[in-house]
Amino acid sequence: WIYTVMRSYRLLMSVVLNVLKTLKSHSDKVRFVCDPVFGDNGKLYVPEALVDIYRNEVIPIANVCTPNQFEVEQLTGISIKTLDDAIRACIALHDLGPELVVITSLILSDNKNDKVITILASERVTLEENGTTTTQDRLYCIDTPILKGSYTGTGDLFAALFLAWTAREPNNLPLALEKVVSTMHSVIKNTMGKYDGTVKSKELRLIQSKNAIEDPPLGIFKARKIL
């Protein structure tokens with residue numbers, strides 16, 4: 001498995017892409033997890049021209065992609081207001097290449113509870129029957145309470161956990177999603193409880209959350225199938 005967070009340097013992106021393409025050409029077991037990290041809250045962190053590189057060069061060779069709501073809107077051109085919009089965006093992102101897609105933080109206008117964010121995970125599976133090959137998209141979502149504050153490294157932790165649990169539970173996406181969301185909720189609550197207004201206290205309390213990372217408490221969140 002290879003996990004990358006690509007940022008704003010065109011040359012660095014080209015080097016990483018060349019390495020990935022070389023590795024993939026030598027083994028079909030190489031799995032690439034891409035966390036785009038080029039924007040959030042309606043703003044780009046990178047020059048706009050680099051979004052095209054993500055869309056046309058990076059995403060097509062990714063096996064897994066973990067964008068936030070703003071990033072998937074930029075990649076697909078679909079404005080997400082409702083759950084149906086998010087489903088269409090997931091399918092469009094699959095069409096670019098990745099077989100696993102997670103939109104990590106959705107605020108949806110058709111959700112009656114405005115105190116939650118929605119995490120949407122989708123897998124595109126290949127089916128063979130009577131000599132015919134088809135694909136099927138399976139989508140699951142979890143609503144989780146919005147916790148106060150903004151903490152450093154939440155996106156990195158989510159992507160790393162998703163990589164780990166989908167590798168360990170390759171045939172059970174809803175269970176993997178439940179474990180990821182449960183750990184994220186526990187780690188953020190742990191960090192929030194010790195936040196004192198300093199920059200240092202915004203760092204996720206990963207070591208102190210070791211048990212929740214290794215053995216996520218189940219039963220708190222349940223993934224529901226939506227497609």
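1. Let's start with the second largest pocket. At least two residues of its lining come from each of E7, E8, H5 and H6. E7 gives the largest share, with three residues. Keep in mind while browsing that this is a predicted model.

2. How much space lies in the second largest pocket? The figure is about 280 Å³. There are 17 lining residues, and those closest to the centre are Arg-31, Leu-100, Glu-123, Pro-170 and Asn-171. Sorted by class, the lining holds eight nonpolar, six charged and three polar residues.

3. Now for the largest pocket, where the space comes to about 1200 Å³. Its lining takes in 41 residues; Asp-40, Thr-104, Ser-105, Thr-154 and Gly-155 sit closest to the centre. By class, you'll find 17 nonpolar, 16 polar and eight charged residues there.

4. H5 has the largest share, at five residues.

5. H3 deserves a look of its own. Is this helix mostly covered or mostly open? It's mostly covered, with six of its eight residues buried. Those six are Gln-69, Phe-70, Glu-71, Val-72, Glu-73 and Leu-75. If you're wondering what they pack against, look for E3, strand E4 (43-44), helix H2 (49-58), helix H4 (83-96) and E6.

6. Both ends of H3 have something to check. Just past the helix, Gly-77 has a positive phi of about 75°.

7. Last stop, Arg-10, which you'll find in helix H1 (residues 10-26).

8. What does Arg-10 touch, once neighbours within four places in sequence are set aside? Its contacts are Ala-49, Leu-50 and Ile-53. As for Val-46, Arg-10 is 36 residues from it in sequence, and their C-alpha atoms are 10.0 Å apart in space.

Note on methods
Residues are numbered from 1 along each chain as its sequence is written. This is a predicted model: local features need pLDDT of at least 70, side-chain atom pairs count only at pLDDT 80 or more; totals for chains, interfaces and linings use all residues. Side-chain values use heavy atoms; hydrogens and water are left out. On a 1 Å grid over the protein atoms alone, a cavity is a set of points where a 1.4 Å probe fits but cannot get out, and a pocket is an open set with protein on both sides within 12 Å along at least five of seven lines; lining residues have an atom within 4 Å of a point. Grid points are joined across faces, edges and corners, and a volume is the space filled by probe spheres set on the points. Helices (H or I, at least four residues) and strands (E, at least two) are DSSP runs, numbered from the N terminus. Ala, Val, Leu, Ile, Met, Phe, Trp, Tyr, Cys and Pro count as nonpolar, Asp, Glu, Lys and Arg as charged, and the others, Gly among them, as polar. Buried means under 20% relative accessible area, exposed over 50%, partly exposed in between (1.4 Å probe, protein chains only). Contact means heavy atoms within 4.5 Å.
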